[in-house]
Amino acid sequence: MHSLLIPIVALSSLASASKQKPLGNDASSNFIQSSIYGRNLDISSLPEPVTLPPSFRYQEEDESLFGGINTFAHLEFTECTKSENSGTFDIGIVGHPFDLGVTYRPGARFGPNGARQGARRLSPAVGYDMDHPGVNPFRDWAKVTDCGDLENTPFDKLVAIHELEKGMKAINSLKPKNESAADAVRLITIGGDHTITLPILRALHSTWGRVAVLHFDSHLDTWDPKQLGGGLTKQSEVNHGTMLHIAHEEGLLSNNSNMHLGSRCTLVDKHFDLNNDLRCGFSYIRARELDKLGVDAVVKKIVERVGDEFVYLSVDIDVLDPAFAPATGTIEPGGWTTRELLAIINGLADAGLKIIGSDVVEYTPIYDNAAESTGIMVGQIIYEILHWMIKVPVKKPKA
Ligand SMILES: *[C@@H]1O[C@H](CO)[C@@H](O)[C@H](O)[C@H]1NC(C)=O
Ligand SMILES: *[C@@H]1O[C@H](CO)[C@@H](O)[C@H](O)[C@H]1NC(C)=O
Ligand SMILES: [Mn+2]
């Protein structure tokens with residue numbers, strides 16, 4: 001922030017110089033004086049170039065937006081799969097560069113790095129904002145770190161999913177730095193296609209048991225593997241549209257508290273998809289219902305359904321309208337705005353829902369625009385989720 005000082009000094013002396021000599025423009029003038037910018041300037045009154053005193057240095061923690069290797073929001077990097085890092089952090093950002101489970105556009109394996117680029121404008125040094133007065137989620141009580149990406153093979157989907165589960169289990173076995181706030185470190189995973197939610201839920205189950213999944217997505221993702229891509233091989237059955245069905249079959253989900261938020265997808269069958277979804281323990285709020293209900297009523301409905309259960313939040317970036325998030329694999333027009341999504345997440349945090357983990361998936365940077373809109377949305381959503389995690393401690397009742 002000190003660097004701002006220099007231009008301010010120069011500008012203020014410019015301003016006073018122009019007051020003193022509004023029309024200074026003589027024939028013997030040099031280039032600066034004869035240019036349209038320089039003619040009002042008495043060059044003899046410019047200050048000497050500022051020399052920083054020898055003792056001046058940026059504070060170590062004032063991360064530059066451009067220095068060093070790019071981590072998520074300029075956080076420190078931690079090798080989170082190493083047991084020696086137990087007790088060193090509370091919340092980790094983990095990348096899953098995996099996209100072997102998509103039906104339409106490929107490329108989400110580059111999502112983690114795209115999100116780090118999208119989060120370049122965020123930093124612990126500028127972590128406060130107007131919607132969360134007094135709280136910098138990077139520097140509040142929690143130690144937040146970037147865990148890097150989890151290795152997984154690009155050649156075999158089932159092996160890759162196994163590797164992601166193994167990596168997440170290793171991280172999930174670490175104790176958090178602040179053990180009075182949570183029973184395990186909490187992770188926000190950057191996808192990757194939506195298939196990755198399955199290995200994540202498998203890895204978290206030993207700590208949290210069945211969890212209520214809040215699934216922000218234009219699609220249901222509870223499709224029966226036999227119906228969507230299935231019936232061929234085991235490989236075809238696990239994909240980004242079936243993983244919640246499989247999670248239900250495996251007993252990873254809450255029996256009746258899961259919800260889809262922002263739904264608006266096409267269906268394969270007149271009845272089957274929705275009946276199967278209900279059987280998997282989900283209800284839904286369709287994207288278009290938001291216009292009638294408003295944000296507060298949506299939050300209220302979610303809170304009433306989830307109650308006191310542990311929540312796993314899964315945000316498919318395609319929940320947003322393609323106007324806000326074009327860079328995704330399976331686009332569906334007619335979605336929520338970024339502001340609506342952030343406000344709903346914020347409302348759930350205020351209501352104290354017990355969030356134990358989260359992912360933001362399906363960001364596929366190659367389809368992003370020159371403004372990197374989608375990548376910046378992903379970064380901002382993760383920032384909002386961080387606020388939620390910091391606000392709500394999650395401890396299991398002592399047995
Ligand atoms: C641990 O977390 C709680 C929030 O649950 C916070 O109030 C407390 O200050 C934290 N303690 C430390 C040592 O960071
Ligand atoms: C959820 O369903 C399973 C399987 O039917 C059952 O064993 C379990 O008791 C149920 N849990 C609750 C909290 O109802
Ligand atoms: Mn999805």
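1. Contacts along the chain. In this predicted model, 77% of the contacts between residues at least 6 apart in sequence join residues at least 24 apart. The protein has 399 residues, of which 51% count as buried. Its accessible surface comes to about 18900 Å², and carbon and sulfur atoms account for 57% of that area.

2. Secondary structure and the sheet. There are 11 helices and 8 strands in the protein. An open sheet of 8 strands runs in the order β2-β1-β3-β8-β7-β4-β5-β6, and the pairing is parallel. The edges are taken by β2 (144-149) and β6 (282-286); each has a single partner strand, so one side of each lacks a neighbour in the sheet. On average, neighbouring strands are turned by 15° against each other, direction ignored.

3. A helix on the sheet. Helix α11, residues 373-391, packs on this sheet and touches β1, β2, β3 (186-191), β7 and β8 (354-361). The direction of α11 makes about 170° with that of β8.

4. Strand β4 and its partners. Strand β4 (residues 212-216) pairs in the parallel sense with strand β7 (residues 310-316) over 5 bridges. Within that pairing, F216 stands opposite V315 of β7, and V213 has Y312 of β7 as its bridge partner. With strand β5 (residues 258-263), β4 also pairs in the parallel sense, over 3 bridges. Here L214 stands opposite M259 of β5.

5. Burial of β4. Because 5 of the 5 residues of β4 are buried, the strand is largely enclosed by the rest of the structure. Both of its faces are covered: A212, L214 and F216 are buried on one side, V213 and H215 on the other.

6. Backbone points to check. Most residues other than glycine have a negative phi, and most peptide bonds are trans.

- G191 and G192 are joined by a cis peptide bond, with omega about 10°. G192 lies in the loop between β3 and α5 (197-208).
- D221 is not a glycine, yet its phi is positive, near 60°. D221 sits in the loop between β4 and α6 (234-237) and is buried, with a relative accessible area of 3%.
- E372, also not a glycine, has a positive phi of about 55°. E372 belongs to the loop between β8 and α11 and is partly exposed, at 31% relative accessibility.

7. Salt bridges. Side chains of opposite charge can pair when their charged atoms come close. A search of the whole structure finds 16 salt bridges. In one of them, the side chains of K143 and E76 meet at 3.2 Å, N to O. K143 is in the loop between α3 (111-118) and β2, and E76 is in the loop between α2 and β1, so this pair ties together parts 67 residues apart in sequence. K143 is partly exposed at 25% relative accessible area, while E76 is exposed at 52%.

8. A buried pair. R116 and D146 form a salt bridge through their side chains, at 2.8 Å from N to O. The two are 30 residues apart, R116 in helix α3 and D146 in strand β2, and the pair links distant parts of the chain. Both R116 and D146 are buried.

9. In the salt bridge of D350 with K391, the closest N and O atoms are 2.7 Å apart. D350 lies in helix α10 (residues 338-350) and K391 in helix α11, so parts 41 residues apart in sequence are tied together. D350 is partly exposed, at 49% relative accessibility. Elsewhere, E165, K169, R202 and E250 are joined into one network by salt bridges that share partners.

10. A nonpolar patch. Which residues make the nonpolar surface patch of about 300 Å²? The patch is made by L65, F66 and V126. L65 is found in the loop between α2 (31-34) and β1 (91-96). Why does L65 count as partly exposed? Its relative accessibility is 33%, and partly exposed covers values between the limits of under 20% for buried and over 50% for exposed.

Definitions and conventions
Residues are numbered from 1 along each chain as its sequence is written. Chains are lettered from A and ligands numbered from 1 in the order in which they are written. This is a predicted model: local features need pLDDT of at least 70, side-chain atom pairs count only at pLDDT 80 or more; totals for chains, interfaces and linings use all residues. Side-chain values use heavy atoms; hydrogens and water are left out. Patches are made of residues with over 30% relative accessible area and no salt bridge: like charges are joined within 9 Å, nonpolar side chains (Val, Leu, Ile, Met, Phe, Trp, Tyr) within 5 Å. Accessible areas come from the Shrake-Rupley method with a 1.4 Å probe; for residues, only the protein chains shown count as cover. A salt bridge is a side-chain nitrogen of Lys or Arg within 4 Å of a carboxyl oxygen of Asp or Glu. Helices (H or I, at least four residues) and strands (E, at least two) are DSSP runs, numbered from the N terminus. Buried means under 20% relative accessible area, exposed over 50%, partly exposed in between (1.4 Å probe, protein chains only). Contact means heavy atoms within 4.5 Å. Two strands pair if DSSP finds at least two bridges between them. Axes are lines fitted to C-alpha atoms, for helices over the stretch in contact, and angles run from 0 to 180 degrees between N-to-C directions.
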